[in-house]
Each structure stands twice: as C-alpha cells, then as structure tokens.
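Please consider the model shown here with attention to its backbone geometry, its sheets and the packing of its helices.

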Amino acid sequence: MKTILFLLILLSSINASALRVLLVDPVDELDIKIEGVSSAGTDTVLKLKAPLEALTITPQNGATFAINDGKYEGVLKIIPQGANFIVVEEIDFEDYLRGVVPFEVHYEWPDELLKTQAILARSYALRALEDAVIDYNNPAFKTNDRTVYELTNDSHRNQMYRGSAMGYPSTDKAVRETKGLITAYNDKLFAPYYHSSCGAVGTDPLPWFSDDADLPPLKKGVKCNLCTTSKYHSWEITFPEEDIEKFLLSKGLDGHLEKVKVAARAKHKHATEFLFVTDKGKIKTNAHDFRMAMGPGTLRSTNIKNIKEADGKVTFKGNGWGHGAGLCQIGAKEMASAGKTYEEILKYYFPGVQLQKYK
C-alpha cells in the first residue's frame with residue numbers, strides 16, 4: 001500500500017487569494033474520507049474529534065475529501081471554535097462554481113441553461129463577497145470579519161455547493177465557456193437572484209431588503225408562464241395550529257389561532273403579507289419571514305392559492321418553489337429548450353442587464 005498522499009500541517013494563516021467556503025458548521029467530531037490515496041482501491045478515513053489544534057489538510061496526486069454528501073478537492077482548514085470545530089475549504093473561485101452549478105440545476109438540462117446558471121452562480125457569489133457574511137442559523141457567526149470564511153455551502157445562506165470533485169462534464173463546460181461573465185447594471189455588479197419555479201404567474205420583486213432590490217433588473221419582475229412542467233408546480237402542505245402559534249408567539253402574539261389569510265400580494269401574486277388572527281388579537285407578518293420560519297422546503301413558496309383551517313390544522317395550497325424573485329429556473333430551462341441563448345434568457349428575466357467580464 002502506498003503512503004497516504006496528504007499532509008497535516010498546523011494552521012498558521014489563511015491564503016487570502018483563495019475562496020474560503022464553510023463546509024461544516026460547528027461540530028465536536030467528524031469523519032473525513034480521503035479517496036484516491038491507496039493503490040489497493042481502499043479509502044482512508046480521518047477521524048476528527050474536539051478538542052483539537054488547527055489543521056491544514058492538503059490533497060496530493062488527485063486525492064479528494066468526502067464529507068457528508070459532498071466531495072472536495074481543495075485545501076481543507078480544520079478550525080477550532082470553542083468546544084467544537086468547523087471545516088473550511090480553500091478553492092479556486094472558478095472551481096467553486098463547478099461544484100455549484102450541477103446542484104442548483106440538473107446537469108442534463110440544455111447547454112444554454114447551464115451557461116445561464118454558471119453566470120448566475122458567478123455573479124451571485126461575487127456579489128456576496130462584497131457583503132459581510134451573515135449566518136442566520138448560528139449566533140456565533142452573526143457577523144463575520146472574513147478572517148475565517150467568505151461563503152457557505154448551502155442555498156439558504158449562499159448557494160448549494162457540493163464540491164468541484166462532484167462536477168459533471170456538461171456543467172464544467174458551461175463554467176469554462178462563460179468564464180468571467182457576470183451580470184451588471186450601469187457597469188456595476190448586482191446579485192441575480194434565482195429560484196426553482198415561480199408557479200407560472202411571473203417573478204416579483206425581492207421579498208427582503210437588499211441594496212440591489214431597487215435596480216431595474218430586479219425591481220418589477222417579469223411575466224412567466226413557462227414553469228408548469230415543474231413537479232412542484234402545485235403543492236399542498238398542512239401544519240398543526242400549534243406550529244403556527246409558536247411562530248406568532250415569537251412575533252409577540254399569544255393565543256389560539258383562529259384565522260390565516262393573505263393580506264397583501266405583489267404584482268404577480270406572490271404573497272407579501274399574511275394576517276393571523278388569534279383569540280388574543282391579530283398581527284400582519286412578512287410572508288417571506290413566515291415561509292422561512294416554517295421551512296422553505298416545506299412551505300415551498302409564497303404563491304399561495306388557498307388556505308384552509310380545519311380540525312386544529314392549517315392547509316396551504318400553492319404553486320412553484322422558491323422566493324419568486326429574479327430568474328425562474330424552470331422557465332429559463334424551457335426558454336433554452338426552445339432555442340434561446342443564455343444572453344436572451346438573462347435579458348428577459350433581468351431587464352436592462354449587462355453581461356460583462358469581471359477582473
């Protein structure tokens with residue numbers, strides 16, 4: 001058996017020239033499978049347990065690191081965080097995109113859609129790098145001075161990233177053929193938000209605060225009736241009243257839930273406010289905040305068609321999946337299938353957008 005081809009080095013400083021992506025939130029133990037280091041075809045498992053010293057793990061000769069459901073080929077940083085530790089990967093920026101694109105869209109989708117997604121992912125990531133990292137799920141990382149990491153690997157905080165070692169030829173090609181291309185308005189980068197499907201009603205303005213929200217490419221949204229092919233075009237979800245009452249209590253309203261209704265909608269019908277009535281009072285809340293509290297993978301969108309209260313439960317019926325702003329991925333896929341180019345797709349969903357090369 002050959003010698004294991006990786007190095008363990010005490011962490012002294014982080015190379016600022018490499019993009020740093022948080023792969024693992026604070027844990028006290030973790031197994032990292034190191035693949036491609038044995039001529040016998042067996043993998044080596046590195047078992048980490050807190051407390052430990054800071055480590056750098058550098059792959060050699062094509063070795064990769066399997067962590068949870070991802071596979072990574074960059075340099076890993078194991079960084080102590082109190083009684084736990086986090087895992088950060090240092091990776092070339094364009095290689096990072098190779099690990100994003102096939103997990104935000106399907107690698108077998110049309111080439112022009114894959115190019116579109118590569119430009120979206122590049123622009124979104126670069127725009128995120130201009131802002132402070134905020135991790136809403138971990139109070140310890142409420143603000144981050146970027147001495148540790150710049151991006152995270154999940155779609156709720158940044159974009160879905162499962163490692164460049166899990167890329168596909170089709171998506172690698174899309175990243176390569178659009179290298180450096182970004183979305184801009186008035187020669188300035190902006191974040192081109194995107195979501196799975198708008199529910200065939202059209203896209204709407206951002207449902208949360210953003211410095212880019214008032215820019216013409218994002219301000220009004222566009223018509224879209226192309227995403228009926230999505231398997232999540234229509235959905236239904238039921239919550240116990242108690243779950244909603246817990247949310248309302250966090251907003252300062254006590255009591256037994258009596259009524260839920262959409263209080264306001266955007267131009268293309270995504271709910272912007274919900275009205276909740278209990279036996280102790282009533283309150284209006286931001287629809288996006290409610291969706292995030294209930295789980296964005298459960299309450300799939302705010303494109304709500306019907307709400308029914310019965311037998312201590314509340315059932316929501318709706319269309320689409322995602323926040324409903326920016327680009328509708330299923331709609332963009334249908335445009336690409338019909339022969340539209342990535343430039344035509346981006347200019348449709350983001351009116352006034354410029355495609356530029358970043359330096």
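Proline 51 is found in the loop between strand 4 and strand 5 (55-59), strands and helices being DSSP runs numbered from the N terminus (E over at least two residues for strands, H or I over at least four for helices). A cis peptide bond, with omega of about 0°, links alanine 50 to proline 51. The model is predicted: local features need pLDDT of at least 70, side-chain atom pairs count only at pLDDT 80 or more, and totals for chains, interfaces and linings use all residues. Residues are numbered from 1 along each chain as its sequence is written, and side-chain values use heavy atoms, with hydrogens and water left out.

Two further backbone features concern phi. Most residues other than glycine have a negative phi, and most peptide bonds are trans. Asparagine 68, although not a glycine, has a positive phi of about 55°; asparagine 68 lies in the loop between strand 6 and strand 7. Its relative accessibility of 62% means that asparagine 68 counts as exposed (buried is under 20% relative accessible area, exposed over 50%, partly exposed in between, with a 1.4 Å probe and protein chains only). Alanine 200, likewise not a glycine, has a positive phi of about 65° and is located in the loop between strand 13 (194-195) and helix 5 (216-219). At 22% relative accessibility, alanine 200 counts as partly exposed.

Strand 6 (residues 64-67) pairs with strand 7 in the antiparallel sense over 3 bridges, and alanine 66 has lysine 71 in strand 7 as its bridge partner.

Another open sheet has 3 strands in the order 12-11-21, again with antiparallel pairing. Strand 12 (188-189) and strand 21 (354-357) stand at its edges with a single partner strand each, so one side of each has no neighbour in the sheet. Strand 11 (residues 181-185) and strand 21 run antiparallel and are joined by 4 bridges; alanine 184 stands opposite glutamine 354 in strand 21. Helix 3 lies across strand 11, strand 12 and strand 21, at about 65° to strand 11.

What does helix 3 meet in helix 4? Asp111, Leu114, Lys115, Ala118 and Arg122 in helix 3 contact Ser170, Thr171, Lys173, Ala174, Val175 and Glu177 in helix 4, contact meaning heavy atoms within 4.5 Å. By class, this contact has 4 nonpolar, 2 polar and 5 charged residues (Ala, Val, Leu, Ile, Met, Phe, Trp, Tyr, Cys and Pro count as nonpolar, Asp, Glu, Lys and Arg as charged, and the others, Gly among them, as polar). The axes of helix 3 (residues 111-130) and helix 4 (residues 169-177) come within 8 Å and cross at roughly 60°; axes are lines fitted to C-alpha atoms, for helices over the stretch in contact, and angles run from 0 to 180 degrees between N-to-C directions. That angle makes helix 3 oblique to helix 4 (under 35 degrees is roughly parallel, over 145 roughly antiparallel, 65 to 115 roughly perpendicular and the rest oblique).

Helix 3 also packs against helix 8 (residues 329-337) at an angle of about 140°, with the axes 8 Å apart. Helix 3 and helix 8 are therefore oblique to each other.

How values were computed
Two strands pair if DSSP finds at least two bridges between them.
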